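This report covers the sheets, the zinc site and a pocket of one protein model. The sequence and structure come first.

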Amino acid sequence: MNNNQILAKIFEEIADALEFLGDNPFRVRAYRTAANVLEGLPEDISVYINRNEKIYGIGEELREKIIEFLNTGKIKKHEELLSKIPRGIFEIMKIPYIGPKTAKLLYDYFNVDSIEKLKKVLESGQLLKIRGFGIKKIENIKKGLELYKKLSERFAIGEVYQDIINLKNYLSSIEGVEKVEVAGSFRRFKETIGDVDILICSKRDISEEILKHPRIVEVINKGETKISFLYELSNHRLIQVDIRIIEEKSWGSALMYFTGSKEHNILMRDLAIEKGYKLNEYGLFKDEIYIAGKTEEEVFEKLNLQYIPPEIREARGEIELAKNFKIPKLIELEDIKGDLQVHSKYSDGVMDFWEIEAEALKLNYEYVAITDHSKSLKVAGGMETEDLIRRNEEIKKFNKSSRVKLLISAEVEILNDGSLDYPDEILKELDLVLASIHNVKKDEDITERYLKAMDNPYVDIIAHPTGRLVISREPYKMDLDKIFKKASERKIVLEINAHYNRLDLNDLNILKAKQYGIKFSIGTDAHNRAGFSMILFGVKLARKGLLTKDDVINTLSLNELLSYIKLCREYRKSKF
Ligand SMILES: [Zn+2]
């Protein structure tokens, strides 16, 4: 946060506190107005103060508070108020439909100073007895509490991806809009996101049109340069969206600033200072003179850095790489020649081979691995050996006239003792064997199970290696180093499962596995037609893990892929 944002937040808090304490409404208003003005100022507040410039909407008293903040880093009045009011009250005041006045009533009558106490009072039914709390108001507070709960949860990025792209497309379609970009953790492809930051460059005021979007449930803030609202997702949950209107000359620097990460930004700012510049969201400056900022590329170039792709801006050494022009060319969606995990209706998918082919053609694929589940995974329609053999014959027949080669494959269960769910005579008939673990006992360490399975020469890929689910399940207990080491020694590929629920391996594990010289496959785990589009998530994740085209086996052409698999199997057999 810059000075303007910090001060705006402090002023909002002061206003809330004053209102809670029943202070003069005009003074409360003055703080709120000033907060709003600060949020919208194009330059840092210190610039105006230094130039001794009047700022419309900020009076003498508050100006002094700003100066106090710039000199000391805090405002005494703010601190005083904070100490007078229990911390939890500030949280309660943030709940939609509960303003300072309601919070005050709740506190005076029921000593409500935490969300927990608020819940209890709501459940008790006591509120109805108090003047000022009608049925409607109580319903609203309950609704507000639900909203607040939903807002404080994070979303798996894949769960909200399409909704956000749809919003972006809507914004782009507004007349006069020149540029729209979603920044923040979305642009960096963090696996979970809390809210959405969108930047817009426009020739005219478009706030009315923005707010016409039918999925906007509630407007939180509507200023000249910032509009915030709650946006309803297709799953009916709500996410906060902040839209910022950016001037053309600051587009690139603002995009960098709001893309983050915060840690990355701090390092970039320090680097700029080292080179005698100042870098902020408004541009790159030398002695207060604007040097660059229109595009990100321009800013990187002026700093003598290689362009840093957004996915890797996480302060994990990318700036060092960029200094030396050593960021590799990261994999792109267009590099992918096929999907290496797809389930057909022979197990728990819903697609027949024609549907799979149709989707694959849309994506220009050469091949798709049909990876139906093996027999012991009964809950997911695991195939008995005879069914597998019959399915394989069907695939062979289909391939004679198909335009996309379906690889005869299976996602084979690794059993409790580390053996595989089909015998070797069956496995060796498969073009590609994915091995995976779905059943794990509580607290079971599965390292040995994996290591044993990796002795089998037909295990080509370990699918969703850690078993985690982005929001709801921790990774299985396992020694990743041992597994990476063995995978590397045995030329076993590790999957980047692109399904939005899984994203497994994740970015950090990809980085680590790459150190071991491991190759990766990207599979969507598609069970229906829509599932194919998740390949994008896999690619973004691979980029976040610094992978190039050469690190990922499904960038190979069909023939290259088949001979690669064959070579690895021969290698493993020779070592066995
Ligand atoms: Zn699976």
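Strand E11 pairs with strand E12 (residues 367-370) in the parallel sense, over 3 bridges. Helices (H or I, at least four residues) and strands (E, at least two) are DSSP runs, numbered from the N terminus, and two strands count as paired if DSSP finds at least two bridges between them. The model is predicted: local features need pLDDT of at least 70, side-chain atom pairs count only at pLDDT 80 or more, and totals for chains, interfaces and linings use all residues. Residues are numbered from 1 along each chain as its sequence is written, and side-chain values use heavy atoms, with hydrogens and water left out.

| Residue | Bridge partner | Strand of the partner |
|---|---|---|
| Asp-339 | Val-368 | E12 |
| Val-342 | Ile-370 | E12 |
| Leu-279 | Leu-284 | E9 |

E11 is mostly covered, as 5 of its 5 residues are buried. Buried means under 20% relative accessible area, exposed over 50%, and partly exposed in between (1.4 Å probe, protein chains only).

E11 and E12 belong to an open sheet of 7 strands with parallel pairing, in the order E11-E12-E13-E14-E15-E16-E17. Strand E11 (338-342) and strand E17 (520-523) stand at the edges with a single partner strand each, so one side of each has no neighbour in the sheet.

Another open sheet has 3 strands in the order E8-E9-E10, with antiparallel pairing. Its edge strands are E8 (278-280) and E10 (289-292), each pairing on one side only. The twist averages 35° from one strand to the next, with axes fitted as lines to C-alpha atoms (for helices over the stretch in contact) and angles running from 0 to 180 degrees between N-to-C directions. Between E8 and strand E9 (residues 283-286) there are 3 bridges, in the antiparallel sense.

The zinc ion has Glu-411 (OE), His-438 (NE2) and His-464 (NE2) as its protein donors, at 2.0 to 2.3 Å. Donors are N, O and S atoms within 2.8 Å of the metal (3.2 Å for Na, K and Ca); water is not among the atoms, so sites may look incomplete. Along the chain the donors follow the spacing E-x26-H-x25-H. Glu-411 lies in strand E13 (residues 405-413), while His-464, 53 residues away, lies in the loop between strand E15 (461-462) and helix H21 (480-489). Both Glu-411 and His-464 are buried.

Thr-447 is placed in helix H20 (residues 447-453). Thr-447 is buried, with a relative accessible area of 5%. Its C-alpha atom is 7.7 Å from that of Lys-482, 35 residues apart along the chain.

What lines the second largest pocket? Its lining has 36 residues, with Pro-42, Thr-225, Ile-245, Ile-246 and Glu-247 nearest the centre. On a 1 Å grid over the protein atoms alone, a pocket is an open set of points where a 1.4 Å probe fits, with protein on both sides within 12 Å along at least five of seven lines; lining residues have an atom within 4 Å of a point. H2 gives the most to this lining, with 3 residues.
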